[in-house]
Amino acid sequence: MARPSLLLLTAGVAGMAVVANAATIATGQQDNSPNTTRLGNAITQDMNDRDAAAARRKRGLDLREQAAKAATARLAADAEARKKQDEAQQMAGGPSGAPGAPNPADSQFDELARIYQAMKPKAAAVVFEQLDMEVQMKVAQRMRERSTAMIMAAMTPKGAASLSMALARRNAGHAQAQPQAAPRQATGPAQAARR
């Protein structure tokens, strides 16, 4: 009997290896897991930690934004109710409000100002620009100047310019009202001294 040649045996083994590899690939049982090192594990863990921290920050910002929106909606509803109440009192001929009485809307503007000051300026600016201009002005006047400046810096140029112009008009109106009242007071005592 003739012995098989070495070349024939090598070809047979190579053919069987090809068939075995093809079967492994087809069934998906190939071992694709790379050898992980301590450095690879540390990098993966660090990335997972950063993703978790970013998710926590995003949740916190979302909660603050929701709180600001809820406070804004509550403020708008209260302002609308107060407006209707004032209209009803004017129709009835009554006074629109006693002087010196605390205005509940003012405390809500103060609360809203505190909320926006606590937020990051960039996140606050996005919500702040969606507010009515009157609400923006009242809230901005109750905030610290630095907080207002940081929020306005994060706003769009158009939004920041609109708020600046509204605040300037309001401040100019107050400045014009005060000098007119001052001369009357000065002439009052002078006239009394002449008599």
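**Exercise 1. Decide whether R142 is buried, exposed or partly exposed, then find its salt-bridge partner.**

*Solution.* Let's start with the accessibility: R142 has a relative accessibility of 30%. Buried means under 20% and exposed means over 50%, with partly exposed in between, so R142 counts as partly exposed. Keep in mind that this is a predicted model.

Next, look for the partner. The side chain of R142 meets that of D110 in a salt bridge, at 3.0 Å from N to O. D110 lies in helix 3 and R142 in helix 5 (residues 133-142), so this pair ties together parts that are 32 residues apart in sequence. D110 is partly exposed too, with a relative accessible area of 32%.

**Exercise 2. Compare where the partners sit in two salt bridges, R50 with D46 and R74 with E111.**

Step one is R50 and D46, whose closest N and O atoms are 3.3 Å apart. Both residues belong to helix 2, 4 residues apart, which is about one turn of the helix. R50 is exposed at 57%, while D46 is partly exposed at 35%.

Step two is R74 and E111, which form a salt bridge with an N to O distance of 3.0 Å. This pair links distant parts of the chain, since R74 is in helix 2 and E111 in helix 3, 37 residues apart. R74 is partly exposed at 42%, and E111 is partly exposed at 29%.

To place these in context, the structure holds 6 salt bridges.

**Exercise 3. Work out how the buried residues of helix 6 are arranged around its axis.**

*Solution.* First, list the buried residues of helix 6 (residues 145-154): S147, T148, I151 and M152. Now look down the axis: these residues fall within an arc of 130°, so they line one face of the helix. On the other side, E145, R146 and A153 are exposed.

Take M152 as a check. Its relative accessibility is 19%, so M152 counts as buried. M152 and P121 are 31 residues apart in sequence, yet their C-alpha atoms are 8.2 Å apart in space.

**Exercise 4. Find a charged patch and a nonpolar patch on the surface.**

*Solution.* For the charged one, R56, R57, R59, R64 and K120 gather in a patch of positive charge. K120 sits in the loop between helix 3 (104-118) and helix 4 (121-128), and is exposed at 53%.

I43 is in helix 2 (residues 38-92) and is partly exposed at 45%.

Methods
Residues are numbered from 1 along each chain as its sequence is written. This is a predicted model: local features need pLDDT of at least 70, side-chain atom pairs count only at pLDDT 80 or more; totals for chains, interfaces and linings use all residues. Side-chain values use heavy atoms; hydrogens and water are left out. Patches are made of residues with over 30% relative accessible area and no salt bridge: like charges are joined within 9 Å, nonpolar side chains (Val, Leu, Ile, Met, Phe, Trp, Tyr) within 5 Å. Accessible areas come from the Shrake-Rupley method with a 1.4 Å probe; for residues, only the protein chains shown count as cover. A salt bridge is a side-chain nitrogen of Lys or Arg within 4 Å of a carboxyl oxygen of Asp or Glu. Lys and Arg count as positive and Asp and Glu as negative; His and the chain ends are not counted. The place of a charge is taken as NZ of Lys, CZ of Arg, CG of Asp or CD of Glu. Helices (H or I, at least four residues) and strands (E, at least two) are DSSP runs, numbered from the N terminus. Buried means under 20% relative accessible area, exposed over 50%, partly exposed in between (1.4 Å probe, protein chains only). The arc is that of the directions from the helix axis to the C-beta atoms.
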